[in-house]
Amino acid sequence: MAENVIMGSGGKRSTGRDRGPVDPALPLPNSAEGLTVELLNRLVAEHHPGSSVTAVELVEAKGLSQQVSTAGRARLRLTYGPGSADLPRDVIVKMVIGEAG
């Protein structure tokens with residue numbers, strides 16, 4: 001899962017290692033609070049069928065003004081449902097966020 005970073009390039013978005021586009025009809029959040037169980041469950045299930053996210057804890061969010069970087073970062077702790085693949089609990093999501101949160 002560490003390689004499954006959501007990236008944007010113009011109107012076309014993709015996930016991870018050229019695994020195909022993210023549905024543009026389902027918008028990606030521009031704040032850490034938008035990283036919901038529903039969103040993460042959908043993204044994980046797309047690439048790991050049979051896996052599910054049952055809980056998301058926002059551990060830390062840093063906006064652009066809080067670090068030297070071109071993207072904000074949210075550190076999350078995920079809980080997976082029974083029968084899910086062996087995926088990392090702690091993940092980093094890079095996103096455009098101006099301030100923490």
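Trainee: Which residues are linked with Arg77 in a network of salt bridges?

Mentor: This is a predicted model, where local features need pLDDT of at least 70, side-chain atom pairs count only at pLDDT 80 or more, and totals for chains, interfaces and linings use all residues. Residues are numbered from 1 along each chain as its sequence is written, and side-chain values use heavy atoms, with hydrogens and water left out. A salt bridge puts a side-chain nitrogen of Lys or Arg within 4 Å of a carboxyl oxygen of Asp or Glu. Linked with Arg77 in the network are Glu57 and Asp90.

Trainee: Which strands hold Glu57 and Arg77?

Mentor: Their side chains form a salt bridge at 3.8 Å, N to O. The two residues are 20 apart and link distant parts of the chain. Strands here are DSSP runs (E, at least two residues), and helices are runs of H or I of at least four, numbered from the N terminus. Glu57 sits in β3 (residues 53-62), Arg77 in β4 (residues 72-80).

Trainee: Is Glu46 buried, exposed or partly exposed?

Mentor: Glu46 pairs with Arg42 in a salt bridge of 3.4 Å, N to O. Both lie in helix α1, 4 residues apart. Buried means under 20% relative accessible area, exposed over 50%, partly exposed in between (1.4 Å probe, protein chains only). At 37%, Glu46 is therefore partly exposed.

Trainee: Why does Leu35 count as buried?

Mentor: Leu35 lies in the loop between β2 (12-15) and α1 (37-47). Leu35 has contacts (heavy atoms within 4.5 Å) with residues including Pro29, Val56 and Met95. Leu35 counts as buried because its relative accessibility is 9%.

Methods:
Lists of a residue's contacts leave out its neighbours within four places in sequence.
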